[in-house]
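User: I would like to learn how to read surface and pocket features from a model, with the criteria stated as we go.

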Amino acid sequence: MGIVAGLDSSSAFTRMVVCDTETGAVLRQGYAPHPKEGEGPGSDVDPQSWLLSLGEAAAGGLLENVEAIGVSAQQNGLVPLDAQGGTARPALVGGDRRAQVAAADLTAELGGREAWVRAVGCVPQAAQPVAKLRWLAKNEPENAARTAGLLQAHDWLVWQLLGRPVRRTTDRGGASGTGYWSAAAGEYRSELVELALGHRAVLPEVIGPAEAAGTTPEGLLISAGTGETMAAAFGLGVGHGDAVVSLGASGSVMAVHHEAAWDPDGLITSYADATGMHLPVVHTLNAVRALRGTADLLGVDLPELSRLALESTPGSHGLVLLPYLEGERTPRLPHTAGTLSGLRRESMKREHLARAAFEGMLCSLADALDVLRGRGVAIRRVFLLGAAADLPAIRAAAPMIFGAPVIVPEPADYAALGAARQAAWALGVERGTLDRSAPPMWGGAAGLHLEPGQELAVGQAVRQQYTAVRDQTHPDAFGGGRPA
């Protein structure tokens, strides 16, 4: 038996778990908030704050007898380095709305959406490092000129833990989110860095999922590290045939696939995962924000909205809500608004509107699942994440609308657990007890299992009602039908 640690340095805090290498059982936990700075989208953060938080989370002997550490960190955090390895400016993190114009310019300059999809499996978004590089070049040319190397948040933390060696590394998962590394080809597109920044920069070496980034002078092995999305999927234990639906203000749907999946319209972001497989992701702009908007309209909170929805019946008496309140990314309707259809005297009741909000949100996410299915991605069960997954109305409707069994995992630090599992894998490979092709068999996430059962046909009818309204209102949303 050995002991490993996993840390997740998110946008607001560091969480650490110490686990048994054989079973994944959590032995100890630590937590520390990041110093208050750089809040909100488009923030600048001194990376040293991540180290301070890490140190506080590990206080009190948390890492005693630990033999290896894995690092997960917020995605889209870009750390520009000067020629000496210092930060050329503070890290650019978060959604970074400042880079929206930069992302649009880059998309046009390479020849459009499909050109980017073919190059790196995704279309530039404001959050991605490639768009932040263009923003830097346009708005801070002196800092851009000083930028000689590029790291992401987890790369930088790994590098610091190892004592800033000459060799800088990253992993496939993290690299696939940059906008200048192709998950399909497994290689950097350095010319895209030059297109964005104005010159090339030193990029970290991409190492395999089970490889170690190095060993500290004290003998502590540091694994490759990865982004939060990939670490959370690894911690959940998702595999081929599994999808993960995340319910935040916006939504995301991702699934494990054996090859890079891409969409010529750029609806899919083609990530790599933390195991050597691929992790295609589809984003929606509206998830829980549609529920909150409806709750505000009715003067209730989300639990009461859920209770009201369950007083209605599937189909909401013909009421359909297209939940595109902030425009939408899937389908690509950036300038549209939400639509409420089917208003009749008998449907104009609070409970039917509440039910329509839940069904509209879930049908929109089911559209995103269908985008993946249309590219050959198998989806046999769905993991449902986010605080809203506890709402009874979601638990009642999700299996029949998604058309698959749904698992609502128990709350846990899944990104930190994924980082720890990666550390155990690298340690096992180093010692010859594990194979590079097979990660440690830790137990999957415990949680509530929900089956569609006899309600499957009802869910299909709800989807058909939603699709009919969507296609009538936005006939070109998915080429005139469900995503294929």
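User: Is Leu340 buried, partly exposed or exposed?
Analyst: Buried means under 20% relative accessible area, exposed over 50%, and partly exposed in between, with a 1.4 Å probe and protein chains only. Leu340 counts as partly exposed because its relative accessibility is 37%, and its place is in strand β21, residues 339–341 (strands are DSSP runs of E of at least two residues, helices of H or I of at least four, numbered from the N terminus). This is a predicted model, in which local features need pLDDT of at least 70 and side-chain atom pairs count only at pLDDT 80 or more, while totals for chains, interfaces and linings use all residues. Residues are numbered from 1 along each chain as its sequence is written, and side-chain values use heavy atoms, with hydrogens and water left out.

User: Which residues line the second largest pocket nearest its centre?
Analyst: Rolling a probe the size of a water molecule over the atoms shows where empty space is left. A pocket is an open set of points on a 1 Å grid over the protein atoms alone, where a 1.4 Å probe fits, with protein on both sides within 12 Å along at least five of seven lines; lining residues have an atom within 4 Å of a point. Here 24 residues line the second largest pocket, with Gly235, Gly237, Arg421, Trp442 and Gly443 nearest its centre. Two or more lining residues come from each of α9 (228–236) and α14 (414–431), and α14 gives the most, with 5 residues.

User: How many residues of α9 are buried?
Analyst: In α9, 7 of the 9 residues are buried, among them Phe234 and Gly235, and just after α9, Gly237 takes a positive phi of about 85 degrees.
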